[in-house]
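Let's take a walk through the inside of this protein and see what sits there. Have the structure open and follow along.

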Amino acid sequence: MTTETGSRQSPEERVRVWLGRIAPEIRSGIGVQNPATDEFVASVPNDGAAAARGAVDRAEAAAAQWRNLVAEERGRLLLRFAERMLEEQDSLAALLTTEQGKPLAEAAGEIRYAASFLRFAAGEAERIYGELVPASQADKRILVLRQPVGVAAIVTPWNFPAAMITRKLGPALAAGCTVVVKPAEQTPLTALALGWLAREAGIPDGVFNIVTGEPAAITGAWLEDPRVRKLSFTGSTEVGRLLMAKASRNLTRLSLELGGHAPFLVFDDADLDRAVEGAVINKFRNAGQTCICANRFYVQAGVYDEFVSRYAAAIRELKVGRGTDEGVSIGPLIDDTGMAKVETHVEDALARGATVREGGKRVRLPGLADRFYAPTLLEGFTPEMLLAQEETFGPVSPAARFVHEEEAIAMANASRYGLAAYFYTRDAARLMRVAEALEYGVIGANDGAPSTAQAPFGGMKHSGFGREGGRYAMEDYLETKYVSWRI
Ligand code: SIN
């Protein structure tokens, strides 16, 4: 892919180009740091309630024009936006890696993934159908209309600075909503770059507004504002719960994509090559900092030793380092709090009887921040460990053995979370049985990488509610209105 900024530029040069483009939005406030080096990258405004309300003013002012555009035109603008992202994927990836840390190739993959949500939503804009329902009186007609909910607020995390925005933004804009967006404090630059590209693609002013700064003040202002009709949040269960309490004031509609604690089951009849490959891809994506990556491995007794030894060998090969360096597959953790959590979980597991099969320690790299953790496999995992209760958000894989299918399902479901679960088997009957029994919103059946723009993504239980992706995502941004028409 050739980019506008040139294919031979270094990641640093590409980042400089982006900082020049979004310069008007870069002002003193919150400093953005490169998590791999601790270097200062840029500052963004530390905005609060007033700026949040100002963004709603702009979104409200643009609402009528946007919702009244024909759906085909909204779709065309979204497609253009997606195309511009793809044209700029290398430079966007450099910016994303600089503020978030993930390896460049993975960052470019995220940009493609992010653009796919806009592309898919562009098509959905033209498929927002109403209905004519048969009435029980001959002189009546029942019309069902689908209309945009109004101004939608979008609050996103740092682990996917591009994709978590477009996964919400695409369907919101396709439905005819205007939006206000608050990206994570750690990764606002990718969001500002998306805003720049959206303007360039022709999305009118006021349709996609970004506010950076203080999360509680911004979300508080949005949930106190009756003009904000919907809030979609991806982040921790704890924050999701606070937002839900505040949303009661204006009965703001919510979608909450919260924490996960994914089990990964390997049955005796699994294809072990695929299971190991799927486990590595799944667990170490973004250094284990995803809501859907495996938090615990349960392996059936007949293949336990072989799976664990192949998995250990595979993860030993993974190179840890700065995301812009050649061949790196695991970047830094986002910050020191993230590192402290990983270390606490591992120390707690060891104190409770786990053993380190691979990793289990920091990786210190000359000239870089002390924020890299080795890909880790722990054996002797038990339910009392912190690893079993909380999301680790790091490259740690605790493994336990099981004997019976029922036991594995019970262990897998013994969690307050219900976002994603994985299992490997060659038995078709078991595949259906286990898929139906797992209390999770996303199931990877012989698949460690289930995320895609066409599918409904979201959780159950403490992992939240609402679905993003696919045609299901449109529901969150549409009101259903019925007209009883006496003819
Ligand atoms: C997440 O961590 O919430 C997103 C993962 C994905 O979209 O695959």
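Searching the whole structure turns up two cavities of 30 Å³ or more. Here a cavity is a set of points, on a 1 Å grid over the protein atoms alone, where a 1.4 Å probe fits but cannot get out, and a lining residue has an atom within 4 Å of a point. Grid points are joined across faces, edges and corners, and the volume is the space filled by probe spheres set on the points. Before going on, keep in mind that this is a predicted model: local features need pLDDT of at least 70, side-chain atom pairs count only at pLDDT 80 or more, and totals for chains, interfaces and linings use all residues. Residues are numbered from 1 along each chain as its sequence is written, and side-chain values use heavy atoms, with hydrogens and water left out.

Start with the largest cavity, which holds about 100 Å³ of space. It has 14 lining residues, and F160, M164, R167, I292 and F457 are the closest to its centre. Sorted by class, the lining has seven nonpolar, four polar and three charged residues; Ala, Val, Leu, Ile, Met, Phe, Trp, Tyr, Cys and Pro count as nonpolar, Asp, Glu, Lys and Arg as charged, and the others, Gly among them, as polar. Domain 1 (11-258 + 464-486) and domain 2 (262-450) each give at least three residues to this lining, with bounds that come from an automatic or database domain assignment.

So what takes up the space of the largest cavity? That would be the ligand, where sitting in a cavity means that more than half of a molecule's atoms lie within 2 Å of its grid points. Around the ligand you'll find Y113, N159, F160, M164, R167, E257, R285, T290, C291, I292, S451 and F457, each with a heavy atom within 4 Å of it. That shell has six nonpolar, three polar and three charged residues.

Now zoom in on the polar contacts (pairs of N or O atoms within 3.5 Å). An N or O atom in the R285 side chain is 2.8 Å from a ligand oxygen, E257 has one at 3.0 Å from a ligand oxygen, and N159 puts a polar side-chain atom 3.2 Å from a ligand oxygen. Taken alone the ligand exposes 260 Å², and the protein buries 100% of that (Shrake-Rupley method, 1.4 Å probe).

The second largest cavity has a volume of about 50 Å³. Its lining includes F117, F120, R167 and P171.

Notes:
Polar contact = N/O pair within 3.5 Å; in protein donor to acceptor, adjacent residues only side chain to side chain. 1 Å grid on protein atoms, 1.4 Å probe; cavity = no way out; pocket = protein on both sides within 12 Å on 5 of 7 lines; lining within 4 Å.
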